[in-house]
Amino acid sequence: MTTKGPVPMARMNLNEVAPEMYKAWFEVERAIHRSPLDPVVRELVKIRVSQMNGCVFCIDLHTTDARLAGETEKRIYQLNAWRESALYTPAERAALAYAEATTRLTEHGVSDEIWDEVVKHFDEQALAGLVAVTAMINLWNRLGVPLRKRPEPVQG
């Protein structure tokens, strides 16, 4: 798919305006990448949360990162309907349910049922990675969407 015309400019380049904050957030990202959380699970969570939040920049970035981590096109395509798909493992389903519940944060937050399910599938260190990656992608989305951050257009 090609884009016709210029891509709208982002409202602000936060990295230039507030480099100290931006650097701190990237340090957290580096720590998350060093956690024992499976890279595919990490990227699935980032994509799904970004879909929910409507962050096109993050969807574009993390679908690419997921492919580099070994994810298939078919699973990426079905991620928006993961509950109906037979392509995800019980651990991935638990992580996605947690990520969705955290992103929606209803009045009761993450239910005991969802929490108990992720505890079954992830040790404490990986679970810490899941908690952190879900919080961070929500942060990135809440920066990217209002600042209108866009991926580079495909040249064709």
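1. Cys55 is in none; its nearest cysteine sulfur, that of Cys58, lies 3.4 Å away. Cys58 is likewise in no disulfide. Cys55 is buried at 2% relative accessible area, and Cys58 is buried at 5% (buried is under 20%, exposed over 50%, partly exposed in between; 1.4 Å probe, protein chains only).

2. Residues are numbered from 1 along each chain as its sequence is written. As the model is predicted, local features need pLDDT of at least 70 and side-chain atom pairs count only at pLDDT 80 or more, while totals for chains, interfaces and linings use all residues; side-chain values use heavy atoms, with hydrogens and water left out.

3. The chain has an average pLDDT (the predictor's confidence in each residue, from 0 to 100) of 92, and 93% of the residues score at least 70. Confidence is lowest in helix H1 (residues 14-17), with a mean of 87, and highest in helix H5 (residues 73-78), at 98. Helices are DSSP runs of H or I with at least four residues, and strands are E runs of at least two, numbered from the N terminus.

4. An unreviewed UniProt entry annotates residues 19-101 as "domain: Carboxymuconolactone decarboxylase-like"; such annotations may be inferred rather than shown by experiment. That span is 75% helix and 0% strand, and its end C-alpha atoms are 31 Å apart.

5. Val131 sits in helix H8 (residues 124-144). Its relative accessibility of 32% makes Val131 partly exposed.

Terms used:
A disulfide is a pair of cysteine sulfur atoms within 2.5 Å.
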